[in-house]
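The following note sets out numbered points for a colleague examining this entry. Please read each point alongside the coordinates.

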Amino acid sequence: MSISKNRWVTFGAETVEEPTPGVEEPPAFVPTGATRPQLSVPQPDHADRLPRWNVSGITPDFWWLGVHGGAGETSLARLDKNTRAAEHHWPLTASGSTVVLVARTNVSGLRAAQLAATEWASGTVPGIRVAGLVVLADAPGRLPKEIREFARVVGGGVPHLWHVPWIEAWRFGHNVPPEELPKEARTVLDHVRIAAITTAGLPAN
């Protein structure tokens, strides 16, 4: 299977190290990928861009932005009442918005994340701060090598890349209290919050 790679995203991925089981990852506030838009990045074709949503009166700490249907943004938003699901739209506000991109660990999901990262990197989404990308396991077990490598490439296009393991209850639509999540997932979500809050304090692009 041949997976097309955006040249800019591939460049950003060169500094990303794949997490190794049993080895502590870098602190959540240390970026591992691109941290701001770049003028040289062209935005995707119109059909490949995410829609935009002019938001007023809603001020979450940050938004979960699912880049495709079934990404898991709603499940993640339910874990923290101070966050919101962006309903697959860039949430545009007067003061700027901080978003965490969300995708599943399959090729189509990662391609959608790559397009969203490229759109943000083009600097054409006003007031959006991207804290990183969360990829949720789309099946139990270890990811195939090709998908792991593709996730690392895509993750190089945003400040952070986080992996959330398979959570069986979500397959059946069940809500899972944060304290009942696997330890690995709780740690990832703690890192996401630290990075997102830190990003929210930066000037909007």
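1. The buried residues of helix α6 pack against β2 (62-66), α2 (73-77), β5 (97-104), β6 (128-136) and β7 (161-164); contact here denotes heavy atoms within 4.5 Å. Those buried positions are Ala185, Val188, Leu189, Val192, Ala195, Ala196 and Thr199, where buried denotes under 20% relative accessible area, exposed over 50% and partly exposed in between (1.4 Å probe, protein chains only). Viewed down the axis of α6, its buried residues fall within an arc of 130°, so they line one face of the helix; the arc is taken over the directions from the helix axis to the C-beta atoms.

2. Two sentences cover the basis of the values. The model is predicted: local features require pLDDT of at least 70 and side-chain atom pairs pLDDT 80 or more, while totals for chains, interfaces and linings use all residues. Residues are numbered from 1 along each chain as its sequence is written, and side-chain values use heavy atoms, with hydrogens and water left out.

3. Helix α6 (residues 183-200) comprises 18 residues and reaches 26 Å from its first C-alpha to its last, close to the 26 Å expected at 1.5 Å a residue. The expected span is 1.5 Å times one less than the number of residues. Helices (H or I, at least four residues) and strands (E, at least two) are DSSP runs, numbered from the N terminus.

4. Threonine 83 lies in strand β3 (residues 83-85) and is buried, at a relative accessible area of 3%. Its side chain makes a polar contact of 2.9 Å with that of tryptophan 64. A polar atom of the threonine 83 side chain also lies 2.9 Å from the backbone oxygen of aspartate 80. A polar contact is a pair of N or O atoms within 3.5 Å; within protein, one must be able to donate a hydrogen and the other to accept it, and residues adjacent in sequence count only if both atoms are side-chain atoms. Leaving aside neighbours within four places in sequence, threonine 83 is in contact with Pro60, Phe62, Trp64, Leu76, Ala77 and Arg193.

5. How many aromatic pairs does a search of the whole structure find? The search finds two, with rings of Phe, Tyr and Trp (its six-membered ring) pairing if their centres lie within 6.5 Å; planes under 30 degrees apart count as stacked, over 60 as edge-to-face and the rest as tilted. The rings of tryptophan 53 and tryptophan 63 have centres 5.5 Å apart and planes at 75°, so this pair is edge-to-face. Tryptophan 53 belongs to strand β1 (residues 52-54) and tryptophan 63 to strand β2, so the pair ties together parts ten residues apart in sequence. Tryptophan 53 is partly exposed at 23% relative accessible area, whereas tryptophan 63 is buried at 2%. Phenylalanine 62 and tryptophan 64 also form an edge-to-face pair, 5.1 Å centre to centre with 70° between the planes. Phenylalanine 62 is buried at 1% relative accessibility, and tryptophan 64 is buried at 3%.

6. Phi of glutamate 87 is near 55°, a positive value in a residue other than glycine. Histidine 88 likewise has a positive phi, near 65°. Glutamate 87 is partly exposed at 48% relative accessibility, and histidine 88 is partly exposed at 29%.
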